[in-house]
Amino acid sequence: MGRQSKPTMETLDRAERSLSGNRLSDKTPLFTIGSFDKQVTVLSQQTRALNLAWSLIETGKVPVRGDGKECKVAIVGAGFAGMTLAAGLISKGADCDLYMFEQRDSLLPLQQGSDTRWLHPHIYDWPAPGSEASAAMLPVLNWTAARSSDVVVQVLSEWNQIIQNKQGGQRKLRLFCNARHVQVAECAGQTDKARLEWVGEERTPEDGTILGSGELTSGSAETFDIIVLAVGFGVEKAKASYWRNETVGQPNLNEPRRTYLLSGQGDGAMVDLFRIRISQFRQDRILDELFANQHGLVGELKELRRSYESQKPDLFESFEKLASPKSHHEQAMRGVITDLKRRLRRDTDVVLKLRVRNIAELLRPVTSRMSFQNALLVYLLYRCGGFTPTTESDANLRQRFAVSKDSIIERHGVRPMEQLKAMLPVEITKEIEARRKEEPKEFAVQQDGSLWPGGYFGQFGRSSESEKVLDAERQHWRKEYLPGTMALVATTLCGSIKGALERLRPKAKHFRVTFHRSISIHNEALLQQSCDYIGRGLEKAEDTAARVLPAETATVGAAYRSGKIIRSTKDVEIEVLKKTMRELKLNESARGMLESVDFVLAIPVVQPAKYFYGPSRVAGVLYVDSRDQGFWLKDHEVAELSALFEAGLRAIEEANVRSLGRIRNFALEPLSTAKEDDGDTLGDLDALEIVTGAKPATTTGAFVLNYDYTDLVPVVAEKPTKKDNLEERTDAREATNSL
């Protein structure tokens, strides 16, 4: 049996606590993903799935290669949650037989062909930083904002690649669609195993198509070490599913005006309300169009949203205050209402059937599960006279407003227990219902913020085993989402540095240049390599872009930490430099230093202290190394490179939003506490020195590097009235960059 490395006690404790939120029963190894949680977005379910994969791997419940254990895992449900869990386990090299079951005919069945529903990964976090970014930024099964049907295509494409390229110890992957009679049973005398019976058709795991032998329906049963019920949030109460295509968002063709009866108080009902009453409505686009130039108002809304999550304020009263004559934002708020009025459709009316008697109650967090930005839009639409709220009976409303049968829409949520009851033994069902009553705030409650460390799903094995990974694998590991546009920007900037180095060292046989941007993922500061190495003497193209390092690792980490230019000392011995890299934990997070490298240089990009945004004042770090003896760069040469890089950055920083078209510099998730630099000390690192004769590259204001594509038509920010005022120029730039 292989030797098993133990994770740190802190990691193990966090993983165990997370796993307890997924566990449904003490009698069987039965787990769920988000069945009873309130945050019901696709991204939140995928995040919970990856959290479960992380906790299963870190606790050793699912073995990895080298453990020498046998394990069999069943995932019931092949929607976003189930597929993401499977993809996460496969990406980690889980050493298990993996069975997947889907009761419908295909993978991701709910969203397949759904062209009328728009999915945006972060929009329910608006106006928080990063909420407008169109990419989910997941390490596996990533996707960008699009129609639901198009998101399915994106996810299935990556799923196919993961299955085709699966490596490590994962032994077997089987998929069953049209699965009927899926029944969980206890194993007598064994609380660490459970039995699953099913009738279904075995399909090709890559895409869910039939096997070469044709459709083979069969009944079977297996004993599993872990069963995960990834069945979503339960059966919808409404007759018509939220995900089915309809025409309520389109202009009426057969009548001049139609009245709809809409009932419900959650996000699903509100989205339908907006689609019926607002012309060309889309969740992300309407916010962009109404609030793009309202910087002060958006800042106030950010503060209100923070208190909404913690203090549960009266939102109706809060919005009223913003629109009152006593508010500094009255004009902006009234301007937004006026703009929305112009967007109202003239061919529709909506009667909104509620359980509460007034809009103030509807907007209270304790009354409704509505998200903050939907609450704001409901308030604005109400101020526009865009719908009629009521608590009358459906019969009275249908008669009074002459509502036709096909104009009635119900969005009454889901029944989370129905699907579970259909497949679980009565004893376990009773246990779940009892615990939900006794522990409503603790039982099966799962965090929808990511728990895994940066780069986790880009490497095999547990966190504690990173030192065992071979250098050949480290070249491709620890990768996180990197927008292609951002990679192009970084490649272009580094290309200019390559040209300068060729001029400064025309006889050089080897040097490499790359750029690491400063990012944060689940409150961890990271440096992400933003383009492949470019330079001279490279043996072959290296697939290293998108790798992440803890932000204080290696030479780039020293530059990040100090905010100063860091260089290897003149005539440093190679072994001394390697020892320094080990002290800076390079080998724990990346490949070991290339043989014969005797020069390294890291130039940070520093934001002004008053305006910096993100994990640190350092927005990124330019990196150069070389194997050539005598390549060492003097202070004035380093200064030239820094000035050249700064010029390129400032050209990007000041770029006109209209000229960039649909390329935007989206905000990133900030750290809870941003980092100041550590001053002029490197401690005992004898192989490195701070370059005192050159200044780091600087920006003129708050700046992050996260250029990505959006299909939104750019809204041009208003020009500041005082061009020389740094704060006003920064505000205008922040509007452009969606900060």
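Cys494 counts as buried, because its relative accessibility is 0%, where buried means under 20% relative accessible area, exposed over 50% and partly exposed in between (1.4 Å probe, protein chains only). Cys531 is likewise buried, at 1% relative accessibility. The model is predicted, so that local features need pLDDT of at least 70 and side-chain atom pairs count only at pLDDT 80 or more, while totals for chains, interfaces and linings use all residues. Residues are numbered from 1 along each chain as its sequence is written, and side-chain values use heavy atoms, with hydrogens and water left out.

How far is the sulfur of Cys494 from the closest cysteine sulfur? The closest one belongs to Cys531, at 3.8 Å, which is too far for a bond. A disulfide is here a pair of cysteine sulfur atoms within 2.5 Å, and by this rule the count comes to zero disulfides.

Charged side chains provide links of another kind. Side chains of opposite charge can pair when their charged atoms come close. With a salt bridge taken as a side-chain nitrogen of Lys or Arg within 4 Å of a carboxyl oxygen of Asp or Glu, the count comes to 42 salt bridges. One of them joins the side chains of Asp26 and Arg435, at 4.0 Å from N to O. Asp26 lies in the loop between helix H1 (9–22) and strand E1 (30–32), and Arg435 in helix H14 (residues 426–438), so the pair ties together parts that are 409 residues apart in sequence; helices (H or I, at least four residues) and strands (E, at least two) are DSSP runs, numbered from the N terminus. Asp26 counts as exposed, at 57% relative accessibility.

A further salt bridge brings together the side chains of Arg117 and Glu246, at 3.6 Å from N to O. This pair links distant parts of the chain, with Arg117 in the loop between strand E3 (97–101) and strand E4 (118–119) and Glu246 in the loop between strand E10 (235–236) and strand E11 (258–263), 129 residues apart. Arg117 is buried, with a relative accessible area of 2%, whereas Glu246 counts as partly exposed at 23% relative accessibility. Both belong to a network of salt bridges that links Arg117, Glu246, Asp272, Arg275 and Arg411.

Arg567 and Glu689 also meet through their side chains in a salt bridge, at 2.8 Å from N to O. Because Arg567 lies in strand E20 (residues 566–568) and Glu689 in strand E24 (residues 688–690), the pair ties together parts that are 122 residues apart in sequence. Arg567 is buried at 4% relative accessibility, and Glu689 is partly exposed, with a relative accessible area of 24%.

Met370 lies in the loop between helix H10 (359–362) and helix H11 (372–383), and is buried, with a relative accessible area of 3%. Leaving aside neighbours within four places in sequence, Met370 is in contact with residues including Gln265, Asp267, Met270 and Tyr308, where contact means heavy atoms within 4.5 Å. The C-alpha atoms of Met370 and Met270 are separated by 8.1 Å, although the two residues are 100 residues apart along the chain.
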